[in-house]
Amino acid sequence: MDEQGAFDWTDTKWNPLRGCKAVSPGCDHCWAAAFAHRWKGVEGHAYEQGFALRLAPEKLLEPFSWTRSRTVEVAWTSDLFQERVKPEYVARVFTVMGLADWHHFRLLTKRAARMRELLGGKLARIAERAHIGLGVSVEDREHGVPRIEELRRTRAGMRFVAFEPLLEDLGRLDLRGIDWVFVAGESGPHARPMAKAWALSIRDQCAAAKVPFCFKEWGGLDRAENGRRLERRTHDARPKARALDVPPTAERRRRLQEVSAKG
Ligand code: SF4
């Protein structure tokens, strides 16, 4: 991370699916959609089909190929809990995360109700393991804030809220059970501005609730120029993540076989 540029909250991306559909105002200028559309029709490219949902089962086992512990952002150009992703596929993704437990996984969604529903059964025992962090994006009061309650009711090893892009003042928030918060403004040519008072309100509520607070960036047209200082300083708090041991090769292979056998 640096004071001018963006905050890197994970060090690796993992895309067991691609593509998505807008669900609320926070999606209006989705960078993943813009990126995917640039490659639409380019033969052989991962986004040849544009932003249409596409499962990528060939990517499912990728975390097993990383033999050093990483912090992994899951489905970073998609949303695992969108309706058209079958529960069986969600289960496969969680099985991999459960067995590749030398990585920290971070999964963000706007479909918080479906996440809670799908993780309420057998997958709960995986979702609540400490190396798995589940988060919701919250951009406004109407669509975003209710996701926090859904997250609170979801079994998870760690819960976080990404107030990004922050589009309005959110008033009083209930942050009980939340382990980490970050705030960011929207980026790009059509970025909607974020008022300082909105971000300060969240910062102060995090301080009162003792929730680690990170200010990711102001965003805007020139992200580097706008930087990531709030009230003359950066805010980089995050929850302590336990160092994870990488199992010996034989054990990693055994787990790989186990997950492969589950199909
Ligand atoms: S949910 Fe996320 S990935 Fe999907 S359209 Fe909205 S912003 Fe883009």
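**Buried arginines and a parallel sheet**

Mentor: Arginine 159 counts as buried because it has 22 C-beta neighbours inside 10 Å. The cut-off for buried is 20 or more other C-beta atoms within 10 Å, with exposed at 12 or fewer, partly exposed in between, and C-beta atoms placed from the backbone. Keep in mind that this is a predicted model, where local features need pLDDT of at least 70, side-chain atom pairs count only at pLDDT 80 or more, and totals for chains, interfaces and linings use all residues. Residue numbers start from 1 along each chain as its sequence is written.

Trainee: What makes arginine 106 buried?
Mentor: Arginine 106 has 23 other C-beta atoms within 10 Å, so it is buried too. Arginine 106 lies in strand 5, while arginine 159 sits in strand 7; strands here are DSSP runs of E, at least two residues, and helices are runs of H or I, at least four residues, numbered from the N terminus. The two C-alpha atoms are 9.3 Å apart, although 53 residues separate arginine 106 and arginine 159 along the chain.

Trainee: Which residues is arginine 159 in contact with, leaving aside neighbours within four places in sequence?
Mentor: Leu134, Gly135, Leu151, Gly177, Ile178 and Asp179. Contact means that the C-beta atoms, placed from the backbone, lie within 7 Å. With the same exclusion of residues up to four places away, arginine 106 touches Thr10, Thr71, Val72, Glu73, Val74, Gly133 and Gly135.

Trainee: How do you know that strand 5 and strand 6 pair?
Mentor: Pairing takes at least two DSSP bridges, and strand 5 (residues 104–109) has 5 bridges to strand 6 (residues 132–137), in the parallel sense. Phenylalanine 105 stands opposite isoleucine 132, and leucine 108 opposite glycine 135. Strand 6 also runs parallel to strand 7, joined by 5 bridges, with leucine 134 partnering arginine 159.

Trainee: Why is strand 6 called largely enclosed?
Mentor: 6 of the 6 residues of strand 6 are buried, so the rest of the structure largely encloses it. Ile132, Leu134 and Val136 point one way, with Gly133, Gly135 and Ser137 pointing the other.

Trainee: What makes strand 1 and strand 9 edges?
Mentor: First, the layout: 7 strands form an open, parallel sheet in the order 1-4-5-6-7-8-9. Strand 1 (12–14) and strand 9 (213–217) each have a single partner strand, so one side of each is left without a neighbour in the sheet. From one strand to the next, the twist averages 25°.

Trainee: Which residues touch the most other members of the largest nonpolar core?
Mentor: Leu80, Met97, Val161, Phe163, Val181 and Val183, out of 56 residues. Such a core is a set of buried Ala, Val, Leu, Ile, Met, Phe, Trp, Tyr and Cys residues joined through C-beta atoms within 7 Å. Leaving aside neighbours within four places in sequence, valine 161 is in contact with Gly135, Val136, Val138, Ile148, Ile178 and Val181.

Trainee: How does the shell around the ligand divide?
Mentor: Into 7 nonpolar, 2 polar and 2 charged residues. Ala, Val, Leu, Ile, Met, Phe, Trp, Tyr, Cys and Pro count as nonpolar, Asp, Glu, Lys and Arg as charged, and the others, Gly among them, as polar. The surrounding residues include Cys20, Gly26, Ser78, Asp79 and Lys110, where a residue qualifies if its C-beta atom, placed from the backbone, lies within 6 Å.

Technical notes:
Axes fitted to C-alpha atoms, helices over the stretch in contact; angles between N-to-C directions. Contact = placed C-beta atoms within 7 Å.
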